[in-house]
Amino acid sequence: MFDIRLLIDESDRREEVLEAVAAIESMVQLQETWNYQTIKELLEQESTNLMAVINTAENEVVGYCLYQIVFEQAEILRIGTHPDYQRQGVASQLFEKLNVELRNNQVESLLLEVRADNFAAIALYEQQGFKVIHRRKGYYQVPHQRAIDALIMQQLFEEYLRLNS
């Protein structure tokens, strides 16, 4: 069973959670991995938050979402699931909890960026209601390979828009 918590709710385990997130980050991010210090510094910004997925049976962090809220707009900065737990619904549960949290903060839309060749992630995001709104041509530069586009995807919280228009 998985429990999803905001880092603020895990203040007594903060360092342990951040170390686990950095370890997962190093496993799932192919390039430009964010280390413990980078994540810690980002979380010093008032607008940046972290949700951690805890495997309650093992009491270990198995997924995370680092996100930022600025006024009515939110952006997923990083999201990842430990390879041993991928394709088990962890990310879907994380999105469910994140959507509740964002709606509670009157967020109107959520943005993220994904490599155009990350088909599994794109399928997950589309399942969650994200739509491609922009393509950055050749954004990801890989030595000795063709550059890969970045897709900017957006999820609109239609209930909020409908009630406030």
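Mentor: In this predicted model, a residue is called buried if its relative accessible area is under 20%.

Trainee: What makes E5 mostly covered?

Mentor: Five of the seven residues of E5 fall in the buried class.

Trainee: Why is the crossover from E4 through H3 to E5 called right-handed?

Mentor: With the strands pointing away from the viewer, a clockwise path over the helix is right-handed. The β-α-β path from E4 through H3 to E5 is assigned that hand, so seen that way it runs clockwise.

Trainee: What makes E5 and E7 a pair?

Mentor: Seven bridges join E5 to strand E7 (residues 148–156), and at least two are needed, so the strands pair. They run antiparallel, and Glu113 faces Ile152 in E7.

Trainee: Which residues are closest to the centre of the largest pocket, and how much space does the pocket hold?

Mentor: The largest pocket holds about 1,300 Å³ of space. Gln29, Ile79, Asn118, Ala121 and Tyr125 are the closest to its centre, out of 38 lining residues.

Trainee: Which element gives the most to that lining?

Mentor: E4 does, with seven residues. By class, the lining of the largest pocket has 20 nonpolar, 10 polar and eight charged residues.

Conventions:
Residues are numbered from 1 along each chain as its sequence is written. This is a predicted model: local features need pLDDT of at least 70, side-chain atom pairs count only at pLDDT 80 or more; totals for chains, interfaces and linings use all residues. Side-chain values use heavy atoms; hydrogens and water are left out. On a 1 Å grid over the protein atoms alone, a cavity is a set of points where a 1.4 Å probe fits but cannot get out, and a pocket is an open set with protein on both sides within 12 Å along at least five of seven lines; lining residues have an atom within 4 Å of a point. Grid points are joined across faces, edges and corners, and a volume is the space filled by probe spheres set on the points. Helices (H or I, at least four residues) and strands (E, at least two) are DSSP runs, numbered from the N terminus. Ala, Val, Leu, Ile, Met, Phe, Trp, Tyr, Cys and Pro count as nonpolar, Asp, Glu, Lys and Arg as charged, and the others, Gly among them, as polar. Buried means under 20% relative accessible area, exposed over 50%, partly exposed in between (1.4 Å probe, protein chains only).
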